[in-house]
Amino acid sequence: MTAVGSRSAGVLDQSAVHRSFGARAMAFVALTKPRIIELLLITTIPVMFLAAQGVPDLWLVVATCVGGYLSAGGANALNMYADRDIDALMHRTENRPLVTGIVSPREGLVFGLALAVGSTLWFGLLVNWLSAALSLGALLFYVLVYTLVLKRRTSQNIVWGGIAGCMPVLIGWTAVKNELSWAAVVLFLVIFFWTPPHYWPLSMKVREDYARVGVPMLPVVAGNRAVARQIVLYSWVMVAVSLLLWPLGYVGWFYTSVALAAGGWWLWEAHALHSRAKAGAAGAKLKEMRLFHWSITYVSLLFVAVAVDPFLR
């Protein structure tokens, strides 16, 4: 075993280290990956406005957001439990609570399972059982399919694993309607095609981390040019799908204008990344994080437009 591996094993085997109550509490919050959950809520709340064609019941919004946080938090905690071995070897994850020992593996597992059960009951009792089923399905897919099966076996891991991240769209819609519709399916597909070109630029940046632990993210097994080409392809499909809401009659001029403008800028950035990759740019000159940061802005703008559009029709 390498020196790094020995150090990691030692950290993972130890029980929770003695820390203050506040530090321990913050560590459990960190297990839920709150910054990722912020992005999930951005795709949940606006869909509720679209489903209601106006302002949805505010208590329902709060209940859905709390349930969504608990469910996604449980999935993230279980993900960290399953990935604690490779997290210890990757620079960007080496300070996660289960790696540092501030939370023990057993505590992390119990915490994740408790959030999974609690969030399902919360949704079922306070929202509806269809939303509860979708929430539980997303959690199980993320943990069992993505984390335990796909992540370490295929370069398409983030493509299919991203399905779990699409589910908040369906949950937001069903929370209001208690049924699905084509509008929810279209927005689900927007996030599905958004996820790979959102995450692959970050994977390009931290390629060495993934290569070190044997996780075959696409940038690990393919060159920058091939990855950038895939980003361009997914980007075009994503923008095209985002515009389907208009001919289907679910949105008006405002959403369509935002989707066209934001989508056009996305495509500009995607093609620019592809051009730099074709020219052999590497390191800082590749500027892959430009698209990563814009992807977060893009999805925020698009879903704010989803929420605002009903008031302007």
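Residues are numbered from 1 along each chain as its sequence is written, and side-chain values use heavy atoms, with hydrogens and water left out. Because the model is predicted, local features need pLDDT of at least 70 and side-chain atom pairs count only at pLDDT 80 or more, whereas totals for chains, interfaces and linings use all residues.

Helices (DSSP runs of H or I, at least four residues) are numbered from the N terminus. Helix α8 (residues 129-150) packs with helix α10 (residues 163-177) at an angle of about 175 degrees, their axes lying 9 Å apart (axes are lines fitted to C-alpha atoms over the stretch in contact, and angles run from 0 to 180 degrees between N-to-C directions). The two helices are therefore roughly antiparallel, a term for angles over 145 degrees. In contact (heavy atoms within 4.5 Å) are residues of α8 including Leu130, Phe141 and Tyr142, and residues of α10 including Ile163, Met167 and Ala175. This contact comprises eleven nonpolar, three polar and no charged residues (Ala, Val, Leu, Ile, Met, Phe, Trp, Tyr, Cys and Pro count as nonpolar, Asp, Glu, Lys and Arg as charged, and the others, Gly among them, as polar).

Helix α14 (residues 224-242) and helix α15 (residues 253-278) pack at an angle of about 170 degrees, with 9 Å between their axes, and are therefore roughly antiparallel to each other. Their contact contains 13 nonpolar, six polar and three charged residues.

On the surface, Trp59, Val62, Val66, Val117, Leu121, Leu125, Leu126 and Trp129 form a nonpolar patch with about 790 Å² of accessible area together (patch residues have over 30% relative accessible area and no salt bridge, nonpolar side chains being joined within 5 Å; areas come from the Shrake-Rupley method with a 1.4 Å probe). Helix α7 gives the largest share, four residues.

Seven salt bridges are counted, each a side-chain nitrogen of Lys or Arg within 4 Å of a carboxyl oxygen of Asp or Glu. In one, the side chains of Arg152 and Asp83 meet at 3.1 Å, N to O. Arg152 lies in the loop between α8 and α9 and Asp83 in the loop between α4 and α5, so the pair ties together parts 69 residues apart in sequence.

Methods:
Angles under 35 degrees count as roughly parallel, over 145 as roughly antiparallel, 65 to 115 as roughly perpendicular and the rest as oblique. Patches are made of residues with over 30% relative accessible area and no salt bridge: like charges are joined within 9 Å, nonpolar side chains (Val, Leu, Ile, Met, Phe, Trp, Tyr) within 5 Å.
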